[in-house]
Amino acid sequence: MDISVIKADKVTIDGGIVLGAESAPITTVEFLNLDCPYCRKWFYRSDQLLTQAVKEGRVRLIIKPLNKDKDDLQLGNLAHTYLPFDQPETAVNAIRFLYTHQPTWRLYLAPNELDLYLKQNLKLTPQNNQAALAVIEHEAQTANIQFVPTIILGQHIFDESIDLSELEQLISQ
């Protein structure tokens, strides 16, 4: 990923799924797609560390589900419409579940089957979040974010390949 083209100053703390106190000294913004295996890798590698940092009040985490045109990510776009942005704990639990089971639903479910899967397994219904998703998409375009995952922590920009010790160092500053 060429981070030199990303305009971090165009990324806002508005919108998305927000976890942690507004007063936290560090804010990280993650652009993810639930159908992306690299996003899944990032989420699993960072989840424990970031969840603990949020609980300790060190980090405010903003997850921005990013709809992408790529055929391989269309089920993720559909899944995003079920995330209750106004219920961050429910949304993150849904994200955890979907990343845990991604190898199954990603390969074997059609859109209408994913709809039923989300309703049956997560008790989620489509949310009125199309406008919020459109704002996230526009923000990503304005900031020249082309790939998921893209993580912005202050002026640091990275993807799923960041070493966890480096991430720990960044959130401990």
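In which sense do strand β2 (residues 26-32) and β3 pair, and over how many bridges? I looked this up in the model, which is a predicted one, and found that β2 and β3 pair in the parallel sense over seven bridges. As one example I noted T28, whose bridge partner in β3 is L61. I then followed the chain from β2 through α1 to β3 and recorded that this β-α-β crossover is right-handed.

Next I turned to the other neighbour of β3. Strand β1 (residues 17-19) pairs with β3 in the antiparallel sense over three bridges, and I17 stands opposite I63 there.

I also checked how enclosed β3 is. Seven of the seven residues of strand β3 (residues 59-65) are buried, so the strand is largely enclosed by the rest of the structure. In a regular strand the side chains alternate between the two faces of the sheet. In β3 I saw V59, L61, I63 and P65 point one way and R60, I62 and K64 the other way, and all are buried.

My last entry concerns aromatic rings, for which the count comes to four aromatic pairs. One of them joins F43 and Y44 edge-to-face, at 6.4 Å centre to centre with 80° between the planes. F43 counts as buried because its relative accessibility is 4%, whereas Y44, at 39%, counts as partly exposed. F43 also forms a tilted pair with Y99, at 5.3 Å centre to centre and 45° between the planes. Because F43 lies in helix α1 (residues 37-55) and Y99 in helix α3 (residues 88-100), this pair ties together parts that are 56 residues apart in sequence. Y99 is buried, with a relative accessible area of 0%, and I noted that F43, Y44 and Y99 form one aromatic cluster.

Definitions and conventions: Residues numbered from 1 in each chain as written. Predicted model: local features only at pLDDT ≥ 70, side-chain atom pairs only at ≥ 80, totals over all residues. Heavy atoms only, no water. Phe/Tyr/Trp six-rings, centres within 6.5 Å; stacked < 30°, edge-to-face > 60°. Buried < 20%, exposed > 50% of the residue type's maximum accessible area, 1.4 Å probe, protein only. Helix = DSSP H or I, 4+ residues; strand = E, 2+ residues; numbered from the N terminus. Pairing = 2+ DSSP bridges. Right-handed = clockwise from strand over helix to strand, strands pointing away.
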